[in-house]
Amino acid sequence: MTPALAVVSAGLVILSSAVIILYNRLVGARQRVREGWSAIDVQLKRRSSLIPNLVEAVKGYAAYERGTMERIAEARGALGRAAGPGAAARADLALTGALQTFFAVAEAYPDLKASDRFAQLQRDLADTENKVAYARNYYNGAVETYNIRVQSFPSLLVARRFGFQPAEFFAAGDL
């Protein structure tokens, strides 16, 4: 083997090794984004599944504000139909606002506030809100790392070649 061929061969081995390493890092970062989104999705579904129980707990209070319950139902439906982090964040913000109104109105009903079932549902929702916040922080951190890899040199070259696209953040909104 001539020295020139050895240098070219070594260069190709180094270049292909670099491409493989960069590709694998991009795949790993993309998987962490997917894992993070899955955690958010699980918590949003958990919270959404608590809503019917909450509605059932207050059905006996005839004077309860019907408009608030309708907004909760609409927001819950929008969250279930949301496609992607941006739409889910907007739907989640609407549901959070509807729930805040719901609990504010509940303050006017001492019997409802004293209900053990209602209190347990409030605790479950608060716990789920904390889990959503934690999952959102993890997801957004993973998105940041992934997007930096996708948009910075030299991994940018590999990302473009293999179709890696920046991921969308899950914005918390004004909670």
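Leaving aside neighbours within four places in sequence, which residues is Leu54 in contact with? In this predicted model, where local features need pLDDT of at least 70, side-chain atom pairs count only at pLDDT 80 or more, and totals for chains, interfaces and linings use all residues, the partners of Leu54 are Leu99, Phe102, Phe103, Phe118, Leu121 and Leu125, contact meaning heavy atoms within 4.5 Å. Residues are numbered from 1 along each chain as its sequence is written, and side-chain values use heavy atoms, with hydrogens and water left out.

Leu54, Phe102 and Phe118 have the most contacts inside the largest nonpolar core, a set of 42 residues. Such a core joins buried Ala, Val, Leu, Ile, Met, Phe, Trp, Tyr and Cys residues through side-chain atoms within 4.5 Å, buried being under 20% relative accessible area (1.4 Å probe, protein chains only). At least two core residues come from each of α1 (3-58), α2 (66-81), α3 (85-106), α5 (116-151) and α6 (155-161), helices being DSSP runs (H or I, at least four residues) numbered from the N terminus. The largest share, 11 residues, belongs to α1.

Now to the packing of α1. Its axis lies 8 Å from that of α5, at an angle of about 160°; axes are lines fitted to C-alpha atoms over the stretch in contact, and angles run from 0 to 180 degrees between N-to-C directions. The two helices are therefore roughly antiparallel (over 145 degrees). With α3, α1 packs at about 30°, the axes 12 Å apart, which means that this pair is roughly parallel (under 35 degrees).

Conventions:
Buried means under 20% relative accessible area, exposed over 50%, partly exposed in between (1.4 Å probe, protein chains only). Angles under 35 degrees count as roughly parallel, over 145 as roughly antiparallel, 65 to 115 as roughly perpendicular and the rest as oblique.
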